[in-house]
Amino acid sequence: MRLILLGPPGAGKGTQAQRLLDRYGIVQLSTGDMLRAAVATGTPVGLKAKDIMARGELVPDDVVVAIVADRIAQPDAKNGFILDGFPRTVPQAQALDRMLAANGLKLDGVVELRVDENILLERIENRIAQAQARGEPLRPDDNPAVLRKRLQAYREQTAPLAAYYALKRELRSVDGMAPIGEVTAAIARALSGDNVKKKKASPAKAERNGNVLSGHAAKASSHRAGGASKASRAKGKARTGGAARAARKPTARRPARGKSSRTRKR
Ligand code: ADP
């Protein structure tokens, strides 16, 4: 199983990756963790990345691509992996495509965690406060000003990946604002739906579904929501994920999410 988790900072990619590891017997490859380790040990990559990361900007593509190429060639990644934080730009996604093709490998899915950006700040501020209360050291980029920068980098450079993978029919979209266990279950369902014959969603159906992210991402995830709907109907399964909800209520757009989920804390 080879997966990509897509989503802005605070969307829960790391949390979900951890939960999926056991389920699929694969490893988590977090470029953020790899870069932080490089910074901590002062390697040449770390020296290059340190200030860029502290500013909330993206490390150059060639640096990150080289790290990932090395990492996925290691024996523990042979069974499969979850990429968390990579790719983050279209050129990184293209480089990954080339890496996988060169090794005769394919992705099993790209899962986008759809979140309401307005509450991400609140979520991360909570995370920071909790870490501080426990006396844990903070990441240099875990502060509100840098977080805004990270969100901006996500919107401008990473969100277009949803459209990139939707065009390749690899994108699955899941409601990242649901409770942690529900999100994991929705991801598993989205992935198992892949065993069912995928049919192309009609443009009309795709248009009726919504998304809280950029227009690009909205289009991309709604494309998948239509596809997932057909696949799941074919299986006769009850679905509770975001894509499923969007498919059941074709006219409901994301801002209609209930207040309860907006105030839900992790
Ligand atoms: P977040 O919690 O914001 O999703 P990560 O832990 O994944 O952050 O990454 C932290 C920082 O590391 C990013 O803000 C960026 O500077 C750098 N980084 C991680 N992955 C990549 C990548 N694929 N491309 C460029 N920079 C990256």
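**Notebook: sheet, cores and ligand shell**

My numbering starts from 1 along each chain, following the sequence as written. The model is predicted, so I keep to its rules: local features need pLDDT of at least 70, side-chain atom pairs count only at pLDDT 80 or more, and totals for chains, interfaces and linings use all residues.

**Entry 1, the sheet.** I looked up the elements and found 13 helices and five strands in the chain. Helices (H or I, at least four residues) and strands (E, at least two) are DSSP runs, numbered from the N terminus. Which order do the strands take in the sheet? The sheet is open, with the order β2-β3-β1-β4-β5 and parallel pairing. Two strands count as paired if DSSP finds at least two bridges between them. β2 (27-30) and β5 (171-175) are the edge strands, each with a single partner, so one side of each has no neighbour in the sheet. From one strand to the next, the twist averages 25°. As a reminder to myself, strands of a sheet pair through backbone hydrogen bonds, either parallel or antiparallel.

I then checked two pairs. β2 and β3 (residues 81-84) run parallel and are joined by four bridges. β4 and β5 are also parallel, over five bridges, and Val111 has Arg172 in β5 as its bridge partner.

Is β5 enclosed or open? Five of its five residues are buried, so β5 is largely enclosed by the rest of the structure. Buried means 20 or more other C-beta atoms within 10 Å of the residue's own, exposed means 12 or fewer, and partly exposed lies in between, with C-beta atoms placed from the backbone. Leu171, Ser173 and Asp175 cover one side, and Arg172 and Val174 the other. Over the chain of 266 residues, 39% count as buried.

A nonpolar core here is a set of buried Ala, Val, Leu, Ile, Met, Phe, Trp, Tyr and Cys residues joined through C-beta atoms within 7 Å. The largest has 41 residues, and Leu5, Leu6, Ile82, Leu83, Val111, Leu113 and Ala162 touch the most other members. Helix α8 (residues 160-167) gives the most to this core, six residues. Another core, of five residues, lies apart from it and includes Met34, Leu35, Ala38 and Ala49.

How many residues surround the ligand? I found 17, and the closest are Pro9, Thr31, Gly32, Gly85 and Arg88. Near here means that the C-beta atom, placed from the backbone, lies within 6 Å. α2 (31-41) and α3 (44-55) are the elements that give two or more residues to this shell, and α2 has the largest share, three residues.

Most residues other than glycine have a negative phi, and most peptide bonds are trans. Phe86 and Pro87 are joined by a cis peptide bond, with omega about -5°. Pro87 sits in the loop between β3 and α5 (90-102). Arg169 has a positive phi, near 60°, though it is not a glycine. Arg169 is in the loop between α8 and β5, and it is exposed, with 12 other C-beta atoms within 10 Å.

Notes: Axes are lines fitted to C-alpha atoms, for helices over the stretch in contact, and angles run from 0 to 180 degrees between N-to-C directions.
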